[in-house]
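Work through the exercises below with the sequence and the coordinates open. Each task is followed by a solution in steps.

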Amino acid sequence: MNKLYVFDTTLRDGEQVPGCQLKSEEKLEIAYQLESLGVDIIEAGFPVSSPEDFKSVSLLAAEIKESTICGLTRAVKEDIDVAANALKHAVNPRIHTGIGTSESHIKYKLNSTQEEIVERAVNAVRYAKDKVAEVEFYAEDAGRTDNEFLAKIVEAVIHVGADVINIPDTTGYCLPDQFGEKIAYLMNNVPNIDKAILSTHCHNDLGLATANTISGVMSGARQVECTINGIGERAGNTSLEEVVMIINQHNHIGVQHRIDTRQITSVSKSVSKMMNMPVQPNKAIVGSNAFAHSSGIHQDGVIKKRETYEIINPEEVGAAGSEIILTARSGRAALNYHAKKLGYELETDALKAAYKEFLLVADKAKNVEESHLHQIFQNTKTYA
Ligand code: KIV
Ligand code: ZN
């Protein structure tokens, strides 16, 4: 019960982002990396959406042996037929089918009623279950769906064989306590919930995707849907690296995953490069500044003991190491640290003089280069 399944949708929700589209061979290259990373389920695409996406899902289904390969569909027979066909060579195929369940989706998008939506959901799951062993049902916009109705539709689809129930916060609306309560409500009010796994799929419109996902896990969800670097529709999806590192940092959450965290940085770089999506420098875990220290007070602490200002050892996520960046806000300890790295041994007075000169350079230049440092240290006439 404490196994947490990691479902990666970089190649489906992430790939929907303008400019991120991939050819099937490129998807396969990323899929191999996700498989090696330890992702349990790879959502490979939306097979009915285009011939190239059909090709991608078929290719991944044929080549990826360890991770489950999943294809998205609407609750429509044709979509399910096409997905089943794309997945026919998969060792572990999964169809992810579903429909909007919120009042807004039912009324404005689907022009339907709750009764009709339950019927369409049940028919889709039953149809899909006839084609593949594993079926996941998504209740689109579950974040804004009334809990009582959500429990009703979840019970109905589990009854016809849904193995996993995805509770997406499609619009990134929920607060962490609301989302956690929603998962807890389903755990406590769906009579057959023991026959399925609840999954989170949170979007980041309010910057709460990771917090909501963790709240969902703490309330009983045992699958998390996420993407590398948090890419995805609009403000993105929950980022895989954040969820995994939170679980590793906070043992009391009490769930286990299979992710080999030492591969996180290299996968992040590949996804960013291949999908043309730069990672913001201050992005948690994988941003270029995630382990960089630039203020004098912090640098002094990190030089004395890394843990004073770092909760994660960069090696744990495959990053190069902690960095002491020199800016006009750096202190003497940081300058001395760089002097030593470059082979200079500075006496107290020499360090004082070098620091004075350094501040003049740092106030002018945005980045203090190694050549600047050599010049400063040589000017103070001290070397090892
Ligand atoms: O955000 C969402 O609701 C989705 C579904 C298609 C699972 O991506
Ligand atoms: Zn989504």
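**Exercise 1.** Find how far an oxygen atom of ligand 1 is from an N or O atom in the side chain of H201.

Solution. The distance is 3.1 Å, in a model that is predicted. This pair is a polar contact, meaning a pair of N or O atoms within 3.5 Å; within protein, one must be able to donate a hydrogen and the other to accept it, and residues adjacent in sequence count only if both atoms are side-chain atoms. Next, take T170: an N or O atom of its side chain is 2.6 Å from an oxygen atom of ligand 1. Then take D13, where a polar side-chain atom lies 3.1 Å from a ligand oxygen. Finally, turn to the area: on its own, ligand 1 has 260 Å² of accessible area, and the protein covers 92% of that. Areas come from the Shrake-Rupley method with a 1.4 Å probe; for residues, only the protein chains shown count as cover.

Two conventions apply throughout. Residues are numbered from 1 along each chain as its sequence is written, while chains are lettered from A and ligands numbered from 1 in the order in which they are written. Local features need pLDDT of at least 70, side-chain atom pairs count only at pLDDT 80 or more, totals for chains, interfaces and linings use all residues, and side-chain values use heavy atoms, with hydrogens and water left out.

**Exercise 2.** Which residues surround ligand 1?

Solution. List those with a heavy atom within 4 Å of the ligand. They are R12, D13, L72, H96, Y138, E140, N166, P168, T170, H201 and H203.

**Exercise 3.** Compare N111 and D141: what is the phi of each, and is each buried or exposed?

Solution. Start from the rule that most residues other than glycine have a negative phi. N111, not a glycine, has a positive phi of about 45°. N111 lies in the loop between α4 (103–109) and α5 (114–129); helices (H or I, at least four residues) and strands (E, at least two) are DSSP runs, numbered from the N terminus. Phi of D141 is also positive, near 65°, and D141 sits in the loop between β5 and α6 (147–159). N111 counts as exposed because its relative accessibility is 67%, whereas D141, at 0%, is buried. The cut-offs are under 20% relative accessible area for buried, over 50% for exposed and partly exposed in between (1.4 Å probe, protein chains only).

**Exercise 4.** Where is Q16, and how many residues separate Q16 from G232 in sequence?

Solution. Q16 is in the loop between β1 (5–8) and α1 (24–37). With a relative accessible area of 35%, Q16 is partly exposed. The separation from G232 is 216 residues in sequence, with 6.8 Å between the C-alpha atoms.
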